[in-house]
Amino acid sequence: MQADPGLFHTILNRWRRSTEGVPGRAPITLLDEEGPRALAGPALLDLVRQRAAALKDLGVEPGHRVGLALPTSEAFIGSLFGAWWLGAAAVPLAPLSDRQDAAHEVARLARPFSSVGARAVVTTPRAARLLLAEGLPAVAPDFDAAPGATLGGVPGTGTTAAGPSGADLAVVQFSSGSTGHPKGVCLSHGNVLANIRAIGEVLRPSYGDVGVAWLPLHHDMGLIGCLLWTQYNGIPVVLMPPEVFIRMPARWLAAMSEFRATLTSAPNFAYQLCATLHDNHVRDLDLSSLR
């Protein structure tokens, strides 16, 4: 199932191939309180192209950094791959929290985005207003491309959009900041692919695999280990927002049962929490598909 490492130098190229190569299965399904929303191949590709065109209208060019402070959503996925489509790098951070002091939260976002010189920041409407007041070029996720904006070509196919190379910056991954100011680590597309391939050597993905995960996409375990790893290998993945798991841990188990998941990933506390669930929450679940 794994691709020849010599064929794909960026996750974008491989994602494009995987999106086309999963007939009858949605590469990504978003699952929240409102139910599942499948992002199928053509629709997913259109989403990314639209986000790339809108970012281009904001002046994003190859080598620029695009900040992402969004929940698990179409907006995050479209903006992430849209930035790569343009040859820009993504800088993911946790979205603005309504439970924390607004000034503290704005500083938490503004400091790292300013430090990397973000050309644009895609975030929630409230955060966009607050960051604009700090002088950062922030937009809400429903921003649109200018009328007539186009992106000719597909990265990696020899047409007009060349896309990034393996040596180009893919992600600036910031630390949690629990012991000081968050520190950014620069990961190239080659670095990300090396990580993805190392995971694959252990998990040995197969065509029948299905992933379910709730890990936040601004964290490397959720971004690389769950979203990008599955997309590289053409494995459908069901993504739940972490807040859904925190409110309803049994929903994670129910999703694995419903979608016949073979793979999942989470820190130890999540499994320990599920072990304490009442029998009523788990009585009708079937987790036999997990490997």
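This is a predicted model: local features need pLDDT of at least 70, side-chain atom pairs count only at pLDDT 80 or more; totals for chains, interfaces and linings use all residues.
Local features were taken where pLDDT is at least 70 and side-chain atom pairs only at pLDDT 80 or more, whereas totals for chains, interfaces and linings use all residues. Residues are numbered from 1 along each chain as its sequence is written, and side-chain values use heavy atoms, with hydrogens and water left out.

Side chains of opposite charge can pair when their charged atoms come close. With a salt bridge taken as a side-chain nitrogen of Lys or Arg within 4 Å of a carboxyl oxygen of Asp or Glu, the count comes to seven. One of them joins R247 and E33, with an N to O distance of 2.0 Å; because R247 lies in helix α8 and E33 in the loop between β1 (28-32) and β2 (35-39), this pair ties together parts that are 214 residues apart in sequence. Helices (H or I, at least four residues) and strands (E, at least two) are DSSP runs, numbered from the N terminus.

A further salt bridge, at 2.9 Å from N to O, pairs E105 with R108, and both residues lie in helix α4, three residues apart, about one turn of the helix. Here E105 is buried at 4% relative accessibility, while R108 is partly exposed at 22%, where buried means under 20% relative accessible area, exposed over 50%, and partly exposed in between (1.4 Å probe, protein chains only).

The serine S73, in the loop between β3 (65-69) and α3 (74-85), is likewise buried, with a relative accessible area of 12%, and a polar atom of its side chain lies 2.9 Å from the backbone oxygen of P71.

Terms used: A polar contact is a pair of N or O atoms within 3.5 Å; within protein, one must be able to donate a hydrogen and the other to accept it, and residues adjacent in sequence count only if both atoms are side-chain atoms.
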